[in-house]
Structures are given as structure tokens and as C-alpha cells.
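Let's take a walk through this structure, one piece at a time. Have the viewer open and follow along.

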Amino acid sequence: MREMHSEVIAQRVAEMCIRANTVLPEDVCAALDASRAREDGIVARDVLDTIIENYHIANPVPICQDTGMACVFLEIGQDVHIVGNLTQAVNAGVAKGYTEGYLRKSVVRDPLFRENTGDNTPAMLYTELVPGDSVRITVAPKGFGSENMSRIAMLKPADGVDGVVDFVLETVRLAGPNPCPPIVVGVGIGGNFDKAALLAKKALLRPIGSRNAQPYYAELEDKLLEKINALGIGPQGLGGRTTALGVQIETLPTHIAGLPCAVNINCHVSRHVTEVL
Amino acid sequence: MRIEIAAPLTKETAASLRAGDSVSISGVIYSARDAAHKKLCELIEKGEALPFPIDGSVIYYMGPSPAQPGAVIGAAGPTTSYRMDPYAPRLLSLGSLGMIGKGRRSAEVIEAMKSAGAVYFGAVGGAGALLQRCIRKAEVVCWPELGAEALMRLEVHRLPAIVIIDSLGCDLYKSGPRDYLTQHGGD
């Protein structure tokens, strides 16, 4: 059994919060650059130029002022013994990163009373037990302009793939300019009500351009991307070819009576950093 | 070509702008988002004075990240505007002439803009690091306890924005994608 002190995780989470918010992942940079090269809308090109310049000049200033809720995914090897309180350690890491990195504190303690917690805690913490003796940490700060445009539908089995396509397109159309397009679209199909939403969020952690392992779903990703970019919404919703940078689908087995479908939208500042301890 | 405009706005300037115009805004603007809007409207309800000159004012829907040592302000891009829709008509009716944000506005806000002769500008969402450079001075006017949501007075120099909805109610979020598809949709 490998021992790992929770303070090690705290320190790593703090560093990752700062890096995620100041340095855009390479896959997102590449997708933005490629879409700029393809874009044929005049205003759209200007907007993409601004977005690209912004990520170049960002560090140490955050890329976006909405440095998000800190979504922290931990895949913990079942042969690891974590010494200390893991949840407290993750929150201590988030507090340290958001304070020392001059990141915005955007979390309120209660959804109705709305008092700011002052250090961006608590993290949205997702833990999973996996085989092995390592800990894989992913920090994905998520802004709420895009989170607010996300939706879930409990479709009928009879709705099938057409129902999924319609729901995804409807979600993107309803979102329009609000989630800061070009967007990244995470789609979770199957599972139950809550797992579908989690799948959609996890789909956003995949690098843009990576494809679902099943050819059927990889093709569906391509088809959805094409249909979304034919809507004409464009960067910032001002018209253009580039409405989405990528569509990523994840699936799970589901019940004979259901076809849950969740769409988690991310803005172009699609942040995710992963490290293995 | 960007049109240089001064803030606060005059009625004449606001009336001259059209949806799709690129502008550079220089002068004094105020930042306020959800919590500050709620408080502003509570002051109005109680008949109390507003904490900034409302006449011709431009309100930026923005809550910055903290300023790093030696900096005026942190990243400072726009937040999504529809959350301010319940409050905006009150401020427009009192003389505010401009709003800067991103995303769609409600029919009620657009009607209030037409009555007031006001303009809605869009800044590029997610370009907070670049927009920070246009802010020369920033000071909290009131409600410091709100943190990033405090009401701030900002001196801006050539803040880039696009006129999204003009004082006639023309909406670039409708015409922009439609025009793009008309020109490029056939392929």
C-alpha cells in the first residue's frame, strides 16, 4: 500500500488552479488557430483574432475574469492510502491557488442567501476509485456563462439518435451568443439523470479533436459539429462559421425505459489540467 | 474602422450609433453585475440617491479578478447580460444611456432602450486579459463587501466594443448570423 499525504495533493491542486486559469491548453489553442484559418466571416475573424491574442498575452493575468468554480476530479488508485483529510486538502489547495494566483472568488455559500465564501471553496470534487497505486488529478475551472446554458433531457427510447441530435442543436441554438462562442460541447448519453450530466462534464475534459473510441459515436461527434457550425451563430454570436470548436460524446448503459441526454457547454476558455502523482 | 466615443454618452452620440458599428470607448464608466444591480434597484425603490451620476452613464457588466501587484485591475471581460435584464429598464428610465456586456437582451430591455435612446455594446467575452489593458484607473464606489461584485468607477481608454443593439432596437445577434448564412449558407 502506497502512502500519500493529503498535503501533497493540496499543494499540487493549488499550482494546477493557477496554471489552468492562466495558460490555455494546447488543444484549445490549436483548435482556435485552426478555426481562425477556416473562418470566412469578416467580423468573425476579428473576434477570433481578439480571442487568440488574449490567450497569448494572458499569463500571469487570468485568461478570463471568470476563473470559475474549481472542478477537481480525482482518480484514486485503490492501493493508495491517503493520510489526512482529502476533502479538506483539496479545498485548502483551491483556497491557496485562488488567493495566491489573484484568481476571482466566485463561490457563494448558499444558493439563496448568496454570501461569498471568500476563497472560491468549496471545490466541486469528484472522486473515483480505480485500480493501481497512483492518483490522477484533473483541475477544470468552469465559468458559469457557459454552465448556465447547459441542459438535460430525459428523452424516450423512441426518440433515438435523431432525438439526441435535435436536443443538442436546440441547446446550442437557445444558448446563442450567451456562452461565449466558439464553444465546446460535451454530450452525455445514457446512465440516469445525474450520471448523464456528469458524463457531459467529463466529455469536456477530453482534448478537442480526440474522438470517441466507438466509431459510431465518433461519427456522431463529427456530424453534430458540422450541424452546429452550419447554424451560423459564429464567434460571440455575431455570425460566422465557428460556433463550436469540438463536440465530445460520452455514453453509459441506461434503463430500458429511458434515454437521458445532457449537454454541458463550455466557452472557448476551455480549461483543464491533468497530473498523475 | 472604429468610431471613437466618449463616456458618459450624450443622447446625440447614442442616437448616431448603429448595430454592427465597432467603437472605442474612452472616459468614465461604472462596473456593476448581479448583486450591485439588486442593490441599485433597492435604492431606487426606497427613493434614495444613486451612488454615481446616472445621466448618460455607461454600465459595464463585469466583475474583475483581483489586481496583481502594481496592476490597476485583474482580468476584466464582460459577463452575460440577461441576468441584468430585470434591473436594466429602471436604470435606463433614470437616464443611463449605455450598457456593455455579452449575450442577448429581453424584449423589455430593448423596448426600454428605444424609449431612452440607449445603446447596448458587446465586448468580447473571454478576452479579460486584453480588456484589462484598457482600464487606466479603477476604484470601488460602494459595497466593497461584494468583492468582485462591488460597484466600481473605471477610467477606460479605447475599450473596444461592438454595437449589438442600437437605440432603434436593431439587434446584431439577429442580423449577424442571418446575414452570414445569406452570404455563405448556400455551400
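## A helix in chain A

We start with α4 of chain A, a helix of 15 residues covering 86–100. From first C-alpha to last, α4(A) reaches 21 Å, close to the 21 Å expected at 1.5 Å a residue. Keep in mind that this is a predicted model.

Which residues of α4(A) are buried? They are Ala89(A), Val90(A), Asn91(A), Ala92(A), Gly93(A), Val94(A), Ala95(A), Gly97(A) and Tyr98(A). These buried residues pack against α1 (6–22), β2 (69–77) and β4 (124–130) of chain A. Just after the helix comes Tyr102(A), with a positive phi of about 55°.

## Two domains in chain A

Chain A is assigned two stretches of its own: domain 1 (2–21 + 62–142) and domain 2 (145–271). The C-alpha centres of these domains of chain A lie 25 Å apart. Where they touch, domain 1 of chain A puts in nine residues and domain 2 of chain A puts in five.

On the domain 1 side, α1 and β5 (135–142) of chain A each supply at least two residues. β5(A) gives the most, with four residues. By type, the domain 1 side splits into five nonpolar, two polar and two charged residues.

## Where the chains meet

Now for chain B: 36 of its residues are in contact with 39 residues of chain A. The elements giving two or more residues to chain B's side are α5 (128–132) and α6 (172–184) of chain B. The largest share, eight residues, comes from α6(B).

What kinds of residues make up the side of chain B that touches chain A? There are 16 nonpolar, 17 polar and three charged ones.

How values were computed. Residues numbered from 1 in each chain as written. Chains lettered and ligands numbered in written order. Predicted model: local features only at pLDDT ≥ 70, side-chain atom pairs only at ≥ 80, totals over all residues. Contact = placed C-beta atoms within 7 Å. Nonpolar A, V, L, I, M, F, W, Y, C, P; charged D, E, K, R; others polar. Expected span 1.5 Å × (residues − 1). Buried ≥ 20, exposed ≤ 12 C-beta atoms within 10 Å, placed from the backbone. Domains from an automatic or database assignment.
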